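I opened a new page for this model and kept a record of each thing I looked up. The entries follow in the order I made them.

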Amino acid sequence: MSTPLLELRDVAKGFPVRDALGRRRGAVRAVDGVSLVVPKGSVLAIVGESGCGKSTLGRLALRLIEADQGQIMFEGEDLRGLSARGLRARRRDMQLIFQDPFASLDPRMTVEQAVAEPLRLHGIVPRAQETQRVAELLSRVGLRPELARRWPHEFSGGQRQRIAIARALASQPKLIIGDEPVSALDVSVQAQVVNLLQDLIRELGLTFVLISHDLGVVRHIADRVAVMYLGRIVEEGPTAQVFGAPRHPYTRALLAAVPGQGHANAPLLEGDIPSPINPPSGCRFRTRCPYAQALCAEQLPPLEGLGHVAACHFQGSLPPALAGQDVDTGGERLRRLQAYFTDQTQKQGELA
Ligand SMILES: Nc1ncnc2c1ncn2[C@@H]1O[C@H](COP(=O)(O)OP(=O)(O)O)[C@@H](O)[C@H]1O
Ligand code: SF4
Ligand SMILES: [Mg+2]
């Protein structure tokens with residue numbers, strides 16, 4: 001097997017929690033022992049409720065924040081072992097697209113300056129060819145090259161996200177991580193930007209990690225899906241299998257249909273997510289799991305399986321999921337799961 005473009009091995013990151021007097025009172029275990037493989041040319045989606053650690057994981061993978069433990073292998077080389085200089089050189093291979101294109105573009109830079117900055121930083125083209133290259137990048141993302149002289153505030157959210165994508169493409173990266181790249185956009189333009197991303201992934205042979213709670217988008221572009229719960233991956237596998245035949249009780253709970261009930265969009269999972277400051281022992285999901293047994297409190301279940309993995313001690317003996325139903329990744333179950341994530345995200349937004 002060839003070396004994966006990106007591989008995380010047992011990566012963890014905690015953020016200190018302080019009380020009103022600034023004294024350290026433990027840590028939020030935002031990412032708590034994650035291992036993942038992202039093969040070259042693949043699209044991996046990371047899904048999960050708000051606060052489960054998706055954004056932290058994305059930043060760790062690019063070493064935009066420092067991990068507490070683990071290895072972050074990029075083309076077989078541990079990013080954590082690189083010097084500041086080595087990391088700067090590597091940066092051209094890895095780019096992040098943020099959710100908010102308003103925040104990610106500097107209002108004091110014209111579009112041309114914003115897109116040319118990575119060209120210059122990484123010495124991609126000689127200065128004399130910059131304008132030409134910026135024009136190419138803009139047309140590549142569906143913008144007219146004449147717009148290069150304009151300022152970010154002159155553009156709509158969708159256009160700004162296109163500019164941010166052009167900027168991300170400028171350094172000819174091998175890996176792009178999109179952290180909710182269309183979530184902040186009007187629904188009417190989301191599909192256009194998703195289609196653009198999908199075209200770029202295909203045509204440029206990009207490897208893409210898509211962080212999203214929008215399962216419609218995930219189903220549309222991802223080859224594989226990783227489901228996160230409280231800082232850990234609980235299930236990972238081919239998109240159709242994870243949505244169509246989920247193996248972990250958490251994914252199943254999210255996707256399960258309730259026969260005879262009219263509330264097609266009602267969240268099915270009862271109870272709140274436990275605090276990441278003091279997560280349950282053993283399986284993080286045990287406080288909400290209908291199948292939990294004594295062992296679940298004692299031992300952390302490892303990810304097990306071939307190609308499609310889940311972290312559950314009893315995955316081999318659970319009742320069949322979604323028995324008698326076909327693998328339907330576009331139907332009712334997906335809508336229910338979507339409704340659930342949307343609900344959680346809104347709740348989180350209200351709290352913030
Ligand atoms: N810089 C930070 N300082 C303190 N806590 C943080 C920080 N960033 C994230 N967290 C916490 O880590 C957990 C995971 O956050 P995040 O990675 O943003 O989740 P997601 O992207 O899935 O919503 C949350 O409990 C969040 O409050
Ligand atoms: S390990 Fe136990 S608590 Fe965790 S998902 Fe499996 S059955 Fe439920
Ligand atoms: Mg996030």
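**Entry 1: Leu 206**

I went to Leu 206 and found it in the loop between helix 7 (187-204) and strand 8. The model is a predicted one, which I noted before going further. Is Leu 206 buried or exposed? I counted 22 C-beta neighbours inside 10 Å, and the threshold for buried is 20 or more, so Leu 206 counts as buried.

I then listed its contacts, leaving aside neighbours within four places in sequence: Leu 206 touches Ile 176, Leu 200 and Ile 201. I also checked Leu 206 against Gly 41; the two are 165 residues apart in sequence, yet their C-alpha atoms are 5.4 Å apart.

**Entry 2: the sheet**

I followed the chain from Leu 206 into strand 8 and traced the sheet. I wrote down an open sheet of seven strands with mixed pairing, in the order 6-7-8-3-9-10-11. Which strands stand at the edges? They are strand 6 (94-97) and strand 11 (309-310); each has a single partner strand, so one side of each lacks a neighbour in the sheet.

I looked at one pair in detail. Strand 3 (residues 43-47) runs parallel to strand 8 (residues 207-211), and four bridges join them. In this pair I found Ile 46 of strand 3 opposite Ile 211 of strand 8.

Next I placed helix 1 (residues 54-61). Helix 1 lies across strands 3, 6, 7 (175-179), 8 and 9 (224-229), and its direction makes an angle of about 155° with strand 8.

**Entry 3: ligand 1**

I listed the shell around ligand 1: Phe 15, Val 28, Ala 30, Gly 48, Ser 50, Gly 51, Cys 52, Gly 53, Lys 54, Ser 55, Thr 56 and Pro 276. Which element supplies the largest share of this shell? It is helix 1, with three residues. Strand 2 (24-38), like helix 1, supplies at least two. By class I noted five nonpolar, six polar and one charged.

**Entry 4: the whole protein**

The protein has 12 helices and 11 strands. Of its 352 residues, 42% are buried. Among contacts with a separation of 6 or more, 66% join residues 24 or more positions apart.

Conventions:
Residues numbered from 1 in each chain as written. Chains lettered and ligands numbered in written order. Predicted model: local features only at pLDDT ≥ 70, side-chain atom pairs only at ≥ 80, totals over all residues. Pairing = 2+ DSSP bridges. Contact = placed C-beta atoms within 7 Å. Axes fitted to C-alpha atoms, helices over the stretch in contact; angles between N-to-C directions. Buried ≥ 20, exposed ≤ 12 C-beta atoms within 10 Å, placed from the backbone. Near = placed C-beta within 6 Å. Nonpolar A, V, L, I, M, F, W, Y, C, P; charged D, E, K, R; others polar.
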